[in-house]
Amino acid sequence: MPHIQQLDSHVADLIAAGEVVERPASVVKELVENAIDAGSSAVVVEIRRGGMGLIRVTDNGCGIAPAELPTAFLRHATSKLRTEADLGKIGTLGFRGEALAAISAVSRVDILTRQAGMAEGASLHLEGGVPGQVEAAGAPEGTTITVRDLFYNTPARLKFMRKDSAETAAVNGLMQHLALSHPDISFKFIKDGVEALLTPGDGKLASAVYAALGRDFARGLVPVSGSGGDISVSGFVTAPLMGRGSRSMQVFFVNGRFIKSQLLTAALEEGYRNQIMKGKFPGCVLSVTLPVTAVDVNVHPAKTQVKFAREHDVFDAVYHTVLDALDKTGAPAAAPAKEPPLPAPSRQDFFQTMDAKTFRQGGGKPQTPAPVRPAWNTELRASAKVADSGQTSFYQTKRQASAAQSALGRAPSSVTAPSERQQSPPAPAYRSALGQPPASVAAPAAEQRREEPVAPAPASVPAEIATPQPAAPRPFVPAIPPEQLKLTENLPGQTALETKEVPWRIAGEVLRTYIICESEDGCVWLIDKHAAHERINFDKLKNAQEPPMRQTLLVPIAAELSREDGALLLENLPLLEQFGFACEDFGGGALLVREVPADIDAADTVSTLEEFAECLRTGRSPDEKRENLLHTMACKAAIKGGWVSDPAELRVLVDRVQSGEVKYCPHGRPVAVKLTRYELEKMFHRA
């Protein structure tokens, strides 16, 4: 039986350090928070090799007394707590007294500090948590802490570190959040000798947002400000039309502390209900201020989660503040006041009594009004016009245009004016099976063209199309004479295509999303066309042996992403290459996209990459990440609910569903719902 014994102090320190120091970004977070608590107005952070080689944090705060330097690196040593009552009113970022002890236990640390008003400073070197001797040294006011060789004595933790680019992106994202939480402090971030972030520290949140998150994101923000009781909310949110493909640009602060909260996320998105596109997420930089006694920040080792004493009040404060700001933004603007017309000059001279606008309107020389030229397929376009705001793809527009041209035989170059159409006689019946008009109709049209050389009139258009009239029954005229049809039936090598009989019938489509299908056994099926098409795309991509076809963009797209998302995608460029995206680093977390898959609209490039980053972040294994990316690709390339679909497209989808090939969408949702005859009759009390 194993004996119980107390762990060695060094092993215990390493275990405790693992709770605080997870990666280089954790070290930067603890050191910068201590610098903020020290009253600094400028903080400089420098890293090398993603922080694994070097982390240096310099501030101009209050500094540390030389006699207290060894004590500062002991566990549970802090200057921010004194009694048990202080735990209920924590107003500082660092308070547990474990940061410096945990960092020094897994690295080599050098500290240089000087208090304000002191003639000289002090320095201390620690290795593996063991301190050396405190020595006098020249130093500027403030503190500089240098951390080298992180996890050098913990190989188990070292082998789980990610690539330097990923660790750098994590530190970069952390610095963005810290800069946004304290716009009154100037932050500078240097990675491998290159300055990556610099905020002015002028106390304006808009300046910090511009410097940390970029110009494009800052231009689409709406300021918000509100309060309810002792809870106040301020900051910025994105306009509804500037929705993002993921929640990576949602930044929340509680009493100056960056947190991740599902409560605040739900309150924010509830304010955007019915105002933002489905599948899009709002971005924000919101700061919630409330009494320190109403929030508990000591519920998570990394201090990124908090617990509110009154969650309902916090939810309402964020929800109503965001909703009010969006309502004001969407209000119609007042019409500008019209300026009174200028008085006409007293002289009757031509150049003084007539301005250029009056002359253009016909005051100078009588001009012949130009004939009105209505669109030749006005009726056909009106019949195909969508009543609501549903989307129509490029291919559907082409089909409508081709259908209109086939209905007319050809697209004439122009149309006579309305006055000419009223005087023209009605179109006579066609004299041949090929649809050619008689010579009596074509001849006057030719004479008319010779008489009017300036504005030639086209050949006459049938009255049924030129002038709106009640539809008259017309016999079907085949494009090929019956005699020619009989000859083609017996040609060698010619086989007629027979229509395949299917045991179902398409009854229609409702809400431009669900196909109504009737089977021969008396059942009614409702089929979700988006889910069915998404599953077809997913299976095709998953079973494809070749990479998807690409389309090269005429103008490359600069995808502005968050620093973490950009670094994550750059880390997986070979995987993106397999899915048809040709990307390269554009600096500042942005990607330059030169090629996209042929099935994806170029306008969806940025949102697709944002969703790719979210899939890569949540995927645990390479196979899971790949499947998540396939889901996104299949969804982006599928028919959307609300689109006008061609009957041939609907027939293919129904055929796949009724054959049993498609049952569920890639996310597990059902593709079709079956209603039996008995269930329908029971609804109407007939059974």
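Tutor: Start with the rule for pairing: two strands count as paired if DSSP finds at least two bridges between them. Strands (E, at least two residues) and helices (H or I, at least four) are DSSP runs, numbered from the N terminus. The model is predicted, so local features need pLDDT of at least 70 and side-chain atom pairs count only at pLDDT 80 or more, while totals for chains, interfaces and linings use all residues. Residues are numbered from 1 along each chain as its sequence is written, and side-chain values use heavy atoms, with hydrogens and water left out.

Now the close look. Strand E18 (residues 514–519) and strand E19 (residues 524–528) run antiparallel and are joined by five bridges. One of the contacts pairs Glu518 with Val524, its bridge partner in E19. Strands of a sheet pair through backbone hydrogen bonds, either parallel or antiparallel.

E18 and E19 belong to an open sheet of four strands, in the order E17-E18-E19-E23, and the pairing is antiparallel. The edges are strand E17 (504–510) and strand E23 (672–675). Each has a single partner strand, so one side of each is left without a neighbour in the sheet. From one strand to the next, the twist averages 25 degrees. Angles here run from 0 to 180 degrees between N-to-C directions, and axes are lines fitted to C-alpha atoms, for helices over the stretch in contact.

Two helices pack on this sheet. Contact means heavy atoms within 4.5 Å. Helix H19 (residues 529–543) touches E17, E18 and E19, and its direction makes about 65 degrees with that of E19. Helix H24 (residues 647–658) touches E17, E18, E19 and E23. The direction of H24 makes about 120 degrees with that of E17.

E10 runs antiparallel to strand E11 (residues 231–238), and eight bridges join them. The bridge partner of Val222 is Val237, in E11.

Next, a hairpin. Strand E8 (residues 186–191) and strand E9 (residues 194–198) run antiparallel, joined by four bridges. Phe189 has Leu197, in E9, as its bridge partner. Two residues lie between the strands of this hairpin, and Asp192 takes a positive phi near 50 degrees.

Now the side chains. A salt bridge needs a side-chain nitrogen of Lys or Arg within 4 Å of a carboxyl oxygen of Asp or Glu. By this rule the count comes to 28. Follow Arg108. Its salt bridge is with Asp149, the closest N and O atoms lying 2.7 Å apart. This pair links distant parts of the chain, 41 residues apart. Arg108 is in strand E3 (residues 108–114), and Asp149 is in the loop between strand E7 (142–148) and helix H5 (155–158).

For exposure, buried means under 20% relative accessible area, exposed over 50%, and partly exposed in between (1.4 Å probe, protein chains only). Arg108 is partly exposed at 24%, and Asp149 is partly exposed at 32%. Arg108 also lies over the face of Tyr152, at 4.0 Å from the ring centre. The rule for such a charge is NZ of Lys or CZ of Arg within 6 Å of the ring centre and within 35 degrees of the ring normal.

Another salt bridge sits within a helix. Lys29 and Glu33 meet at 2.9 Å, N to O. Both lie in helix H2 (residues 24–37), four residues apart, about one turn of the helix. Lys29 counts as buried at 12% relative accessibility, and Glu33 is buried at 4%. Elsewhere, Glu46, Arg48 and Arg56 are linked in a network of salt bridges.
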